[in-house]
Amino acid sequence: MSDIDVSKERVNTSRAARSQQEMPRLSAEEKDDLVHRYHPDYKKEAYATLRFGPNKGEQTVHELARLLEGESPVPADFPALKPAHQVDILIIGGGGAGATAALTAKAAGAKILMATKLRLGDSNTVMAEGGMQVAVSPEDSPIRHFVDSLKGGHMANDRVLLKQLVEEGPSVAQWLIDLGVMFDREDDGNLSLRAGGGSSLPRLLRCKDYTGLELMRVLKDCVLNEEVEVLEFSPVIELLTDGKGSCTGAILKDLDNDRRIVVQAKTVILATGGIGRLHIQGFPTSNHFGATGDGLSITYRAGASLTLQDTFQYHPTGAVFPEAMAGLLVTEAIRSAGAHLLNAKGERFVYELETRDAVASAVIRECLEGRGIQTPAGRYGVWIDMPLVDQINGEGTLEKRFPNMIRQFSRYDIDIRKEPVLVYPTLHYQNGGIQIDAEGESTLKNLFVAGEASGGIHGRNRLMGNSLLDIIVYGKRAGAAASKRAAASDFGPLSLDHLSRFRKERSEAGVNSDVVSPMLFPDYVKKQ
Amino acid sequence: MWHLGRPMLHGVGCLGGVCGACPISIRLPNQMAPKTALACQTLVAEGAEMAFLPGDASKKEIAPLPAETPNQNTLFQYYPETRRCVACGACTSICPQGIDVMASVREAMNGKLAETADRFVDCVMCGLCAAVCDVKVRPHRVGLYTRRLIGAFQENEATQLKKRIEEIGSGHYKEQWAALMEEAVH
Ligand SMILES: Cc1cc2nc3c(=O)[nH]c(=O)nc-3n(C[C@H](O)[C@H](O)[C@H](O)COP(=O)(O)OP(=O)(O)OC[C@H]3O[C@@H](n4cnc5c(N)ncnc54)[C@H](O)[C@@H]3O)c2cc1C
Ligand code: SF4
Ligand code: SF4
Ligand code: FES
């Protein structure tokens with residue numbers, strides 16, 4: 001037997017004995033220490049100081065700094081800015097936040113255009129598995145939800161944004177239900193709730209392990225029903241401003257015809273999502289193909305501030321084997337349902353429902369200290385014991401609650417009902433992002449931001465299930481605020497003045513890299 | 001594809017088996033006939049024959065939810081051709097998600113909306129089922145509309161959720177918030 005098989009056998013044989021074992025929780029000090037020592041956010045070599053721009057002097061990872069300080073694809077002598085579209089609101093990004101903003105703005109009577117990089121709905125939203133946090137149960141309250149999230153975020157959350165998030169949770173859940181989202185129910189009709197890491201009570205609404213797919217399918221259907229004009233395969237490559245601190249439109253790139261499209265808009269809502277495909281610090285990622293942080297580089301260039309741009313979430317359990325699945329998520333809900341994490345010796349090493357940063361740090365520690373398991377492709381990982389879920393909750397639980405997970409592994413002849421699988425942290429979420437106020441407006445006037453692209457709500461670590469809530473609550477807020485603003489304003493002049501300023505600052509700071517941003521897509525083409 | 005040195009855009013989305021952007025037809029050397037699959041979820045083997053299939057081009061009806069509790073006629077109003085299904089099974093054979101699409105369509109025909117809704121939970125809206133249907137049924141659209149009907153018109157209300165919304169609306173938490181925000185700011 002190979003080392004892997006020996007170790008796997010240990011997991012299988014120790015299952016019965018472990019099922020009753022209590023794992024101590026970490027004290028606040030222990031957790032701090034663990035995270036400081038092993039979490040990738042604390043790896044100094046991975047960070048650079050921004051040399052110019054709104055966040056000059058602050059830190060972020062090299063991969064992002066390069067893009068923020070990168071050159072625009074729009075040449076200085078770009079031909080006259082003649083708009084092909086004139087709308088009240090331009091919505092950038094066709095994920096959950098963008099779709100929600102579109103529906104809200106449409107309902108408010110605004111004339112809108114949506115531009116998205118791939119197809120409408122190709123996003124991180126569609127991939128979400130575990131669920132959406134809403135304080136629904138009688139024992140729970142928005143206050144408790146707030147406190148849990150604040151603790152999870154290391155007290156760095158923007159309090160006002162967080163309060164709105166938790167307080168509007170129940171009403172947006174109702175909004176989704178009214179659109180026809182099928183959340184799992186109890187027999188009496190109440191929403192079925194599950195526990196999530198870092199939460200003091202079960203608070204996750206979900207649709208099996210297809211929560212994001214369910215949300216996105218319905219939201220997309222609504223956007224199509226409302227006959228919103230959508231330009232697919234048309235990413236934004238540059239914002240336009242009036243040169244006096246207001247956003248007035250954007251330039252899109254029509255990928256199929258390689259044309260540029262100028263859009264003039266009274267307000268812009270940016271909902272471009274996350275950064276997983278930057279593969280920060282070499283990590284694999286759970287994110288969709290277009291998660292390249294485009295929103296961050298274009299807004300930074302246009303002069304809007306970022307916040308908490310130095311903190312990322314590494315989901316503790318991304319698959320590492322088979323190689324083709326590397327990075328793909330093993331949902332946290334599996335751990336909520338009782339699955340254990342085990343090192344090469346078949347021993348547990350952390351309470352599985354600590355916050356994600358702590359669990360990820362513990363997995364990295366095990367692997368660094370030689371207690372990980374090496375895959376044939378040379379990656380390291382630890383075991384996640386999913387068969388235990390059936391043992392604890394009864395035969396058939398995995399099948400009923402995690403059909404997606406079973407299907408994904410079965411394609412590689414792995415039956416998660418029978419054997420453990422190997423996992424390692426995967427780059428999952430951008431905790432920070434573009435700074436917004438209570439209505440979702442950035443520091444650049446008339447530019448609103450919603451969803452994962454924004455920052456502040458989640459502090460330095462987002463709790464499971466708070467992001468799906470975020471995209472709906474803030475998608476709605478941005479949609480409403482932008483419509484109101486647009487109704488009271490005229491079109492502003494279109495200029496690239498901010499680019500001239502950016503280029504000047506860039507050369508003064510001595511930056512002359514040939515990196516062009518936004519990245520749009522990761523380059524996976526094998527160099528021959 | 002990338003490993004073959006070819007960049008691609010259409011036919012890529014989530015890379016996680018849920019967005020339906022990447023349906024392919026693939027035949028391994030030891031197989032007689034090709035099968036459909038999601039490319040991002042498929043391990044390519046030496047000697048496999050593979051082709052990307054086109055995306056969903058089926059017509060999307062503008063189908064809003066009704067004001068009152070739906071029945072099967074609500075569905076037929078937008079998707080009347082559903083009743084023409086001849087039970088040929090083509091949709092079931094092609095579905096890369098292994099959904100028994102034909103059975104779901106038959107249930108929809110017979111007004112068993114809840115059953116139809118349940119079966120389509122894994123549907124990634126790739127549209128292949130509609131593309132192969134001779135009588136132009138659009139099973140995935142029927143499935144999604146049915147799910148929305150069932151989702152929006154649950155028999156039993158989520159009473160706890162209703163109550164919480166009322167509590168928040170009535171200012172029930174006002175004092176606790178005041179104290180908490182005060183503390184949080186200092
Ligand atoms: C595998 C996975 C599982 C998850 N599970 C959960 C969970 O259980 N619970 C939870 O709360 N959260 C979860 N999350 C996080 C959550 O899904 C995302 O944070 C959230 O959906 C982001 O929504 P969004 O609308 O902000 O961005 P996205 O949904 O990513 O949408 C962004 C959109 O913008 C488009 N875009 C990008 N760049 C451009 C450009 N330059 N121009 C135009 N368009 C552009 C993209 O193509 C995409 O359509 C999960 C995430 C992943 C990846
Ligand atoms: S039901 Fe149709 S659209 Fe849905 S996954 Fe199967 S073939 Fe694709
Ligand atoms: S392909 Fe069309 S006719 Fe054949 S079983 Fe499916 S829905 Fe019915
Ligand atoms: S790329 Fe989304 S299902 Fe394959």
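Start by selecting ligand 2 in this predicted model, and then show the 13 residues around ligand 2, among which B:Cys95, B:Cys123, B:Cys126, B:Gly127 and B:Cys129 come nearest. If you colour this shell by residue class, you will find ten nonpolar and three polar residues, with no charged residue in the shell.

Next, select chain A and chain B together and look at where they meet. The contact takes 68 residues from chain A and 63 residues from chain B, and the two chains bury about 5,600 Å² between them, with 61% of that area on carbon and sulfur atoms. On the chain A side, pick out A:Ile143, A:Met182 and A:Arg217, which supply 12% of the area that chain A buries against chain B, more than any other three residues.

Four salt bridges are found between chain A and chain B, and one to display is the pair B:Lys60 and A:Asp221, whose closest N and O atoms are 3.2 Å apart. Across the same interface there are also 26 residue pairs in polar contact, counting pairs in which both residues have pLDDT 80 or more.

Which elements of chain A give two or more residues to the side that touches chain B? They are α5 (142-152), α6 (159-179), α7 (211-225) and α13 of chain A, and the largest share, twelve residues, comes from α6(A). Taken by class, this side of chain A has 35 nonpolar, 13 polar and 20 charged residues.

Where the domains meet, 30 residues of domain 1 of chain A are in contact with 27 residues of domain 2 of chain A, and the two domains bury about 2,300 Å² between them, 54% of it on carbon and sulfur atoms. Select A:Arg356, A:Arg401 and A:Leu427, the residues of domain 1 that lose the most area to domain 2, together 28% of what that side buries.

Between the two domains of chain A there are zero salt bridges, while 13 residue pairs are in polar contact, both residues being at pLDDT 80 or more. To finish, highlight α9 (332-336), α10 (356-368), α12 (397-401), α13 (403-410) and β16 (421-430) of chain A, each of which supplies at least two residues of the side of domain 1 that touches domain 2. Of these elements, α13(A) gives the largest share, five residues.

Conventions. Residues numbered from 1 in each chain as written. Chains lettered and ligands numbered in written order. Predicted model: local features only at pLDDT ≥ 70, side-chain atom pairs only at ≥ 80, totals over all residues. Heavy atoms only, no water. Contact = heavy atoms within 4.5 Å. Buried area = accessible area lost by both parts, 1.4 Å probe. Salt bridge = Lys/Arg side-chain N within 4 Å of Asp/Glu carboxyl O. Polar contact = N/O pair within 3.5 Å; in protein donor to acceptor, adjacent residues only side chain to side chain. Helix = DSSP H or I, 4+ residues; strand = E, 2+ residues; numbered from the N terminus. Near = heavy atom within 4 Å. Nonpolar A, V, L, I, M, F, W, Y, C, P; charged D, E, K, R; others polar.
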